[in-house]
Amino acid sequence: MSFVPLLPNVRVLLGVITIPNAYERRSIVRNAYLLQQSNINEGNTVDVRFVFCNLSTEEERVLVAMEIMVFNDIIILNCTENMNEGKMYTYFSSLPSMFGRGKYDYVVKTDDDTYFRLDNLIQTLIKAPKEEVYLGLLVPHVETVEFMSGMGYILSWDMVEWISRSEMVRNHTAGPEDVVTAKWLEAGGRGKNKIDVKPRMYDFPEEPFEWFRHDFIPDTLAVHKLKDATRWAKTLRYFNVTNGLVKPSKFLL
């Protein structure tokens with residue numbers, strides 16, 4: 001009798017970096033990920049969380065509180081909202097104290113204009129090493145280091161723990177977050193398993209800049225530059241997200 005070896009289970013935290021008042025965008029992104037959860041094989045986990053800094057207005061305190069009460073999928077960091085002044089360090093360095101060891105194998109940093117295909121993400125990570133992983137779309141030496149594009153990159157949990165402990169990292173948090181992350185890893189001699197997934201991560205096909213743009217492909221890992229609802233709709237239609245609508249409305253065209 002032959003036995004099929006069991007594939008390892010993968011536990012992923014997918015952090016969508018956003019801002020508190022991006023309510024409409026969050027609604028689209030949340031639905032896009034919730035509809036994919038049924039495609040994830042039993043034993044694997046992708047927990048999607050929306051990540052931003054402290055709330056600063058009465059509107060945010062009320063409306064974000066409602067989201068938390070309904071969905072419980074928001075992480076509020078102890079920081080002032082910013083893009084390149086240490087928010088990403090606060091995100092990564094806060095996770096070990098939030099979740100402890102053993103909760104997740106990998107951590108994704110992505111933005112609210114990027115759409116990950118969760119089943120493809122799981123299949124990619126099942127084949128990846130469990131340690132020293134730095135995975136994404138590799139950008140050549142346009143800066144002082146090669147780095148994974150900020151559209152979305154993945155670190156294994158040991159990398160996140162190291163970030164939270166490193167004094168060197170803590171003292172160098174400002175600058176473009178994707179470049180800064182690569183500089184941390186290079187300076188610390190970490191991220192030895194660097195995995196470039198090009199062409200499976202790319203910009204929306206109608207994006208005017210051609211650097212990372214190409215047509216949709218079935219083996220997509222992530223699509224970036226979904227800056228408005230129309231782009232989200234075109235992307236979701238390509239991937240047949242609404243094809244399984246069980247009870248179509250007679251008013252739905």
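Visitor: Which residues does Ala174 touch, not counting residues up to four places away in sequence?
Guide: This is a predicted model. Ala174 sits in the loop that joins helix H6 (167–170) to helix H7 (177–188). Contact here needs heavy atoms within 4.5 Å. Setting aside residues up to four places away in sequence, Ala174 touches Asn84, Glu85 and Val180.

Visitor: How many Å apart in space are Ala174 and Val46, C-alpha to C-alpha?
Guide: In sequence, Ala174 and Val46 are 128 residues apart. From C-alpha to C-alpha, the distance between Ala174 and Val46 is 29 Å.

Visitor: Is Ile163 buried or exposed?
Guide: Ile163 belongs to helix H5 (residues 157–165). Leaving aside neighbours within four places in sequence, Ile163 is in contact with several residues, among them Tyr89, Phe92 and Trp184. A residue under 20% relative accessible area is classed as buried. Ile163 has 0% relative accessibility, so Ile163 counts as buried.

Visitor: What separates the C-alpha atoms of Ile163 and Met98?
Guide: Ile163 and Met98 are 65 residues apart along the chain. The separation of the C-alpha atoms of Ile163 and Met98 is 14 Å.

Visitor: Why is H4 described as largely enclosed by the rest of the structure?
Guide: The buried residues of H4 are Leu118, Asn120, Leu121, Ile122, Thr124, Leu125 and Ile126. H4 is therefore largely enclosed by the rest of the structure, because the buried share of its nine residues is seven.

Visitor: Which residues does Arg117 touch, not counting residues up to four places away in sequence?
Guide: Arg117 is in the loop between strand E5 (115–116) and H4. With 11% relative accessibility, Arg117 counts as buried. Not counting residues up to four places away in sequence, Arg117 touches Gln36, Thr220, Leu221, Phe239 and Val241.

Visitor: How many Å lie between Arg117 and Ala233, C-alpha to C-alpha?
Guide: Arg117 and Ala233 are 116 residues apart in sequence. In space, C-alpha to C-alpha, the distance from Arg117 to Ala233 is 15 Å.

Visitor: Is Ser38 buried or exposed?
Guide: Ser38 is found in the loop between helix H1 (23–34) and strand E2 (45–52). Exposed means over 50% relative accessible area. The relative accessible area of Ser38 is 68%, so Ser38 is exposed.

Visitor: What is phi of Asn72, a residue other than glycine?
Guide: Most residues other than glycine have a negative phi. Asn72 lies in the loop between helix H2 (58–71) and strand E3 (74–76), and Asn72 counts as exposed at 56% relative accessibility. The phi of Asn72 is positive, near 50°.

Visitor: Is Glu132 buried or exposed?
Guide: Glu132 has a positive phi of about 60° although it is not a glycine. Its place is the loop between helix H4 (118–126) and strand E6 (133–139). With a relative accessible area of 14%, Glu132 is buried.

Visitor: What is omega for the peptide bond from Lys198 to Pro199?
Guide: Most peptide bonds are trans. Pro199 is in the loop between strand E8 (193–196) and strand E9 (201–203). The peptide bond from Lys198 to Pro199 is cis, and its omega is near 10°.

Visitor: Why is the chain called as compact as a globular protein of its length?
Guide: The chain holds eight helices and ten strands. For 253 residues the globule rule gives 18 Å, so a chain close to that value is as compact as a globular protein of that length. The radius of gyration of the chain is 18 Å.

Visitor: What percentage of the residues in the chain is buried?
Guide: Among contacts with a separation of 6 or more, 71% join residues 24 or more positions apart. Of the 253 residues in the chain, the buried share is 50%.

Methods: Residues are numbered from 1 along each chain as its sequence is written. This is a predicted model: local features need pLDDT of at least 70, side-chain atom pairs count only at pLDDT 80 or more; totals for chains, interfaces and linings use all residues. Side-chain values use heavy atoms; hydrogens and water are left out. Helices (H or I, at least four residues) and strands (E, at least two) are DSSP runs, numbered from the N terminus. The radius of gyration is taken over C-alpha atoms; the globule rule is 2.2 Å times the number of residues to the power 0.38. Buried means under 20% relative accessible area, exposed over 50%, partly exposed in between (1.4 Å probe, protein chains only).
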